[in-house]
Amino acid sequence: MGAFGSQAMSTQLRRVLMRRPGKSLKAADPKAWHYGPTFDADRAIAQYAEFARLVEKSGTEIVWMEDDGDGLADSMFTQDPSFVTDHGAVILRMGKKLRLAEPALHEEAYTRAGVPILGRLEAPGTVESGDCVWVDAKTLVIGRGVRSNQSGIDQVAALLAPHGITVLGFDLPLWQGAEACLHLMSVISPLADDLALVHAPLMPAAFYFLLQDKGIKLIHAPEEEFAESSGLNLNVLPTSPRNVIMVAGFPGTKAAMEAEGCTVETFEADALCIACEGGPTCLTRPILRRAA
Ligand SMILES: NC(=O)NCCC[C@H](N)C(=O)O
């Protein structure tokens, strides 16, 4: 059996599922996929390679899936179709219809990698893991919004309850509409057990107060950088507590994290993350996070 278990957001990343963009991204119709004006598949592929290099440099093992031209352009965003608990992987059901085939690809990859399957979501339930945040090892928050619905949240809660895990659902706003991508992780990136980067105006109020009650310090990312990047300035991947990878070009956000003791690495991602609406956390599905 392969190593797995990830009921944390910033503990040392050891093993991660990623899918290298290729033929499907090159063939993608930007209008159909809701990709923005800076989309350029060849540049996106090159920017992804640099991101993968940074992940590997952190000492993380990458379990690879390849894009052989199945048409699933968004499947490089491996954060969303599944998540991994200490008891196995949960295979989700996507809210974005163009992504419905992706969870089956994750299930195949987990089977190859020796990760057991804890359960699968069924229609009409939808949950995308970009909406899921562990606030501690026994509490999973899910943002109910354009991608994740109550049926999906109930199904995840039923799968996790036997393992002593509580699931809390909090409402997200519609913001830029049903076609755009606003996940719970679009408004927060946990950076350490006691620290998170946030865009408070779009946070569910109950979630904001829960983090405050838990004594988690919130860094408020500069509003103008959030607006300029459609939120990709704060989609930051911790490879270990206070060691993070972010999209280049947002000096105010970077400085705010450095002021709290974070070490920040950046990569150019205008054609990849900004255009395709997903940042470094979205490009990775942690399989194992474990402290030394
Ligand atoms: N967790 C994330 O925020 N994932 C980003 C997914 C972007 C992708 N274009 C989507 O719309 O699903």
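**Group meeting: a walk through the predicted model**

Let's start with strand S6, residues 132–136. S6 is mostly covered, with four of its five residues buried. Buried has a cut-off here: 20 or more other C-beta atoms lie within 10 Å of the residue's own, whereas exposed is 12 or fewer, partly exposed is in between, and C-beta atoms are placed from the backbone. Strands are DSSP runs of type E with at least two residues, helices are H or I runs of at least four, and both are numbered from the N terminus.

Some ground rules. This is a predicted model, so to speak: local features need pLDDT of at least 70, side-chain atom pairs count only at pLDDT 80 or more, and totals for chains, interfaces and linings use all residues. Residue numbers run from 1 along each chain as its sequence is written.

Back to S6. Which strand does S6 join through four bridges? It is strand S7, residues 139–144, and the two run antiparallel. Two strands pair if DSSP finds at least two bridges between them. A hairpin links S6 to S7 through two residues. Look for Trp 134: opposite it, in S7, stands Leu 140.

Now the chain overall. There are nine helices and 15 strands. The radius of gyration is 17 Å, close to the 19 Å that the globule rule gives for 292 residues, so the chain is as compact as a globular protein of that length. That radius is taken over C-alpha atoms, and the rule is 2.2 Å times the number of residues to the power 0.38. Along the principal axes, the C-alpha atoms fill a box of roughly 45 × 45 × 40 Å. Of the 292 residues, 51% count as buried.

What about contacts? Two residues are in contact if their C-beta atoms, placed from the backbone, lie within 7 Å. Among contacts with a separation of 6 or more, 71% come from residues 24 or more positions apart.

Next, an open sheet. Three strands form it in the order S3-S4-S5, with mixed pairing. S3 (82–85) and S5 stand at the edges with a single partner strand each, so one side of each is left without a neighbour in the sheet. The twist averages 20 degrees from one strand to the next. Strand S4, residues 88–91, is joined to S5 by three bridges, and these two run parallel. Val 90 stands opposite Gly 119 in S5. Helix H4, residues 102–113, lies across S3, S4 and S5, and runs at about 165 degrees to S4. For angles, axes are lines fitted to C-alpha atoms, for helices over the stretch in contact, and values run from 0 to 180 degrees between N-to-C directions.

Here is another open sheet. Its three strands come in the order S9-S10-S11, and the pairing is mixed. The edges are S9 (188–192) and S11 (217–220), each with a single partner strand, so one side of each has no neighbour in the sheet. Direction ignored, neighbouring strands are turned by 25 degrees against each other on average. Four bridges join S10, residues 195–198, to S11, and the two run parallel. Leu 197 stands opposite Ile 219 in S11.

Stay with S9 for a moment. Ser 189 sits in that strand. Is Ser 189 buried or exposed? Ser 189 counts as buried, with 29 C-beta neighbours inside 10 Å. Beyond its neighbours within four places in sequence, Ser 189 is in contact with Ala 196, Leu 197, Leu 234, Asn 235, Val 236 and Thr 281. Met 9 is 180 residues apart from Ser 189 along the chain, yet their C-alpha atoms are separated by 8.5 Å.

Now some backbone details. A cis peptide bond joins Ala 123 and Pro 124, with omega about 5 degrees. Pro 124 lies in the loop between S5 (117–120) and S6. His 34 is not a glycine, but has a positive phi of about 65 degrees. His 34 lies in the loop between helix H2 (30–33) and helix H3 (41–57). Arg 242 also has a positive phi, near 65 degrees, in a residue other than glycine. Its loop runs between S12 (237–240) and S13 (243–247). With 18 other C-beta atoms within 10 Å, Arg 242 is partly exposed.

Last, the ligand. Which of the 15 residues around the ligand come nearest? They are Phe 77, Gly 130, Cys 181, Gly 278 and Cys 282. A residue is near if its C-beta atom, placed from the backbone, lies within 6 Å. The shell has five nonpolar, five polar and five charged residues. Ala, Val, Leu, Ile, Met, Phe, Trp, Tyr, Cys and Pro count as nonpolar, Asp, Glu, Lys and Arg as charged, and the others, Gly among them, as polar.
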